[in-house]
Each structure stands twice: as C-alpha cells, then as structure tokens.
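The following report covers side-chain packing, charged pairs and aromatic pairs in one model. Terms are given with their cut-offs where they come up.

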Amino acid sequence: MGCNRVENFKVEGNGTLGFATVSEIKFDYRPDTSKWRTRYYENGTLLYTKYHFGNHEQFLYPNGTRKDLFYIFGGKDLAAVYSKPSNATG
C-alpha cells in the first residue's frame with residue numbers, strides 16, 4: 001500500500017488513549033489523502049498499529065496478537081460494532 005504522507009505528533013505530558021499512555025502518534029495517508037495506518041508509541045516503543053479499511057479497523061500488537069473491529073451501519077447511523085479478537089476463527 002503506497003504512502004503519500006506521514007504526520008508525526010508528540011503528546012505533551014502523558015496522553016492517555018483508552019488503555020495506554022501515548023507519547024507519539026504517527027498517521028500514514030494514502031495518495032487520495034485517506035488515513036490508512038496509525039502507529040501509537042510510548043517513549044519510542046511501539047504500543048500498537050491500527051489499520052483503517054473503511055468500516056473495518058485492525059489493531060496489531062508487537063506480541064503478534066490482533067483485534068478487528070467491524071462497524072455496522074443502518075443507513076447513515078452506526079448500529080453496532082463487532083469485535084473479533086485474534087484467537088477467533090469465525
């Protein structure tokens with residue numbers, strides 16, 4: 001997947017993002033300017049990488065585990081989020 005632009009952001013102090021403390025975020029964009037990858041770091045160590053596929057997001061962790069989120073819409077409204085952990089097969 002081609003990358004057209006990367007943006008780096010440093011978080012002042014301790015930025016808390018859900019379950020993790022983040023000190024740097026890197027956004028990667030496709031040539032059409034849509035975001036395709038976001039990498040989250042704490043003090044230079046990669047915490048996880050999130051890939052953006054429209055209504056699907058995939059989280060990859062350094063230990064090899066993976067989590068997928070599928071956003072299900074009813075018309076224009078978000079109706080549900082299906083979470084598939086890395087050990088799920090269906």
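Buried means under 20% relative accessible area, exposed means over 50%, and partly exposed covers the range in between, with a 1.4 Å probe and protein chains only. The model is predicted: local features need pLDDT of at least 70, side-chain atom pairs count only at pLDDT 80 or more, and totals for chains, interfaces and linings use all residues. Residues are numbered from 1 along each chain as its sequence is written, and side-chain values use heavy atoms, with hydrogens and water left out.

**Salt bridges**

A salt bridge is counted when a side-chain nitrogen of Lys or Arg is within 4 Å of a carboxyl oxygen of Asp or Glu.

| Pair | N to O distance |
|---|---|
| Asp28 and Arg37 | 2.8 Å |
| Arg39 and Asp28 | 3.0 Å |
| Lys50 and Glu57 | 3.9 Å |

Strands (E, at least two residues) and helices (H or I, at least four) are DSSP runs numbered from the N terminus. Asp28, Arg37 and Arg39 are linked in a network of salt bridges. Is Asp28 buried or exposed? Asp28 counts as buried because its relative accessibility is 1%. Arg39 is also on the buried side of the cut-off, at 17% relative accessibility.

In the pair of Lys50 and Glu57, Lys50 is buried at 14% relative accessibility, and Glu57 is buried with a relative accessible area of 13%.

Glu57 is part of strand 5, residues 56-60. Besides the salt bridge to Lys50, the side chain of Glu57 makes a polar contact of 2.8 Å with that of Tyr71. A polar contact is a pair of N or O atoms within 3.5 Å; within protein, one must be able to donate a hydrogen and the other to accept it, and residues adjacent in sequence count only if both atoms are side-chain atoms. Which residues does Glu57 contact, leaving aside its neighbours within four places in sequence? They are Lys50, Tyr51, His52, Lys67, Asp68, Leu69 and Tyr71, where contact means heavy atoms within 4.5 Å.

Asp68 is located in strand 6. Asp68 is buried because its relative accessible area is 2%. The side chains of Asp68 and Gln58 are joined by a polar contact of 3.2 Å. With neighbours within four places in sequence left aside, the residues in contact with Asp68 are His56, Glu57, Gln58, Tyr82, Ser83 and Lys84.

**Nonpolar core**

A nonpolar core is a set of buried Ala, Val, Leu, Ile, Met, Phe, Trp, Tyr and Cys residues joined through side-chain atoms within 4.5 Å. The largest such core has 8 residues: Val22, Ile25, Phe27, Tyr29, Tyr40, Tyr48, Phe59 and Leu69. Strand 2 (residues 20-29) gives the most to this core, contributing 4 residues. In soluble globular proteins, nonpolar side chains tend to be buried together.

**Aromatic pairs**

Rings of Phe, Tyr and Trp (its six-membered ring) pair if their centres lie within 6.5 Å; planes under 30 degrees apart count as stacked, over 60 as edge-to-face and the rest as tilted. By this rule there are 6 aromatic pairs. One of them is the tilted pair of Tyr48 and Phe59, at 5.9 Å centre to centre with 45 degrees between the planes. Tyr48 lies in strand 4 and Phe59 in strand 5, so this pair ties together parts that are 11 residues apart in sequence. Tyr48 and Phe59 are both buried.

Tyr48 and Tyr61 form a tilted pair too, at 5.6 Å centre to centre and 45 degrees between the planes. This pair links Tyr48 in strand 4 with Tyr61 in the loop between strand 5 and strand 6 (66-74), 13 residues apart. Tyr48 has a relative accessible area of 5% and is therefore buried. Ring pairs connect Tyr40, Tyr48, Phe59 and Tyr61 as a cluster.

Lys67 lies over the face of Phe59, at 5.2 Å from the ring centre. For a charge to sit over a ring, NZ of Lys or CZ of Arg must be within 6 Å of the ring centre and within 35 degrees of the ring normal.

**Asn43**

Asn43 is placed in the loop between strand 3 (35-42) and strand 4 (45-53). Although Asn43 is not a glycine, its phi is positive, about 50 degrees. Asn43 counts as exposed because its relative accessibility is 68%.
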